[in-house]
Amino acid sequence: MRNFRLPYHLRPYYRAELHAARAATGRHNMAAAFAHLERAHVLGQRWALPHTHTHRLMLRHGLRTRDGREILGQFVGLIGGFPLSLFGRIPTGNTGGANVPAEQSMPIPADLQAILARSAPS
C-alpha cells in the first residue's frame, strides 16, 4: 500500500529523531525528547505505520511524565492516526502532541520540509 510504510529514503531521518528522543530521555531531558518525537511525527505522519508508532512513543512519554492530557491525547492519536494516514487525511505539519488540535495544519520546519520534498510524487 502506498501510505503504509515510510519511504526508504526517509527512514534514516525518522530513525535519527527517534534515537535523539531516546538519548534525551536517557539524560532526563523530557522536553527535548518530546521535541524529537514531534519531529518524528512530522516526518512519518503521512504513512500509517510510522505515524502510529510515533503516537505509541508519545503515549509512553506521557506515561513517563505522568501527563494525563498527553496520555489521553495519544490514545486518540493511536486510534485515529493509522486509518487517517492510510487514507491521506492528515493535516500537514501537525506535531502530534496533545497541546495542538489534531486537525490543525502547522508550518513544517525548513530542514524537515527539504527532507519531505524528496518524497513528494513527481
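## A first stop: Gly88

Is Gly88 buried or exposed? Gly88 is exposed, because its relative accessible area is 54% (buried means under 20% relative accessible area, exposed over 50%, and partly exposed in between, with a 1.4 Å probe and protein chains only). You will find Gly88 in the loop between α4 and α5 (110–117). Its C-alpha lies 24 Å from that of Ala16, and the two residues are 72 apart in sequence.

## How to read this model

This is a predicted model, in which local features need pLDDT of at least 70 and side-chain atom pairs count only at pLDDT 80 or more, while totals for chains, interfaces and linings use all residues. Residues are numbered from 1 along each chain as its sequence is written, and side-chain values use heavy atoms, with hydrogens and water left out. Helix names follow DSSP runs (H or I, at least four residues, for helices; E, at least two, for strands), numbered from the N terminus.

## Helices α1 and α2

Let us start with helix α1 (residues 11–26) and helix α2 (residues 30–44), whose axes come within 7 Å and cross at roughly 165 degrees. Axes here are lines fitted to C-alpha atoms, for helices over the stretch in contact, and angles run from 0 to 180 degrees between N-to-C directions. The crossing angle makes α1 roughly antiparallel to α2 (angles under 35 degrees count as roughly parallel, over 145 as roughly antiparallel, 65 to 115 as roughly perpendicular and the rest as oblique). The crossing of α1 past α2 is left-handed, a term used if the near helix is turned anticlockwise from the far one by less than a right angle; clockwise would be right-handed.

Which residues of α1 meet α2? On the α1 side they are Tyr13, Tyr14, Glu17, Leu18, Ala20, Ala21, Ala24 and Thr25, and on the α2 side Met30, Ala32, Ala33, His36, Leu37, Arg39, Ala40, Leu43 and Gly44. Contact means heavy atoms within 4.5 Å. By class, this α1 and α2 contact has 12 nonpolar, 3 polar and 2 charged residues (Ala, Val, Leu, Ile, Met, Phe, Trp, Tyr, Cys and Pro count as nonpolar, Asp, Glu, Lys and Arg as charged, and the others, Gly among them, as polar).

Glu17 sits in helix α1 and is buried, with a relative accessible area of 9%. Leaving aside neighbours within four places in sequence, Glu17 is in contact with His36, Arg39, Ala40 and Leu43.

Thr25 also belongs to helix α1, and its relative accessibility of 19% counts as buried. Not counting residues up to four places away in sequence, Thr25 touches Met30, Ala33 and Arg64.

## Helices α3 and α4

Next come α3 (48–65) and helix α4 (residues 68–86). The axes of α3 and α4 come within 8 Å and cross at roughly 175 degrees, and the two helices are therefore roughly antiparallel to each other. Residues of α3 in this contact include His51, His55, Met58 and Leu63, and those of α4 include Ile71, Phe75, Leu78 and Phe82. The whole α3 and α4 contact divides into 10 nonpolar, 8 polar and 2 charged residues.

Leu72 is another residue of helix α4, and it is exposed, with a relative accessibility of 58%.

## An aromatic pair

How many aromatic pairs does the structure hold? There is 1. The rings of Phe4 and Phe82 have their centres 5.9 Å apart and their planes at 90 degrees, so this pair is edge-to-face (rings of Phe, Tyr and Trp, its six-membered ring, pair if their centres lie within 6.5 Å; planes under 30 degrees apart count as stacked, over 60 as edge-to-face and the rest as tilted).

The pair links distant parts of the chain, 78 residues apart: Phe4 is in the segment before α1, and Phe82 is in helix α4. Phe4 is partly exposed at 25% relative accessible area, and Phe82 is partly exposed at 27%.

## Positive phi in two loops

Most residues other than glycine have a negative phi. His28 has a positive value, near 65 degrees; it lies in the loop between α1 and α2 and is exposed, at 68% relative accessible area.

Arg66 has a positive phi too, near 55 degrees. Arg66 is placed in the loop between α3 and α4 and counts as exposed, at 76% relative accessibility.
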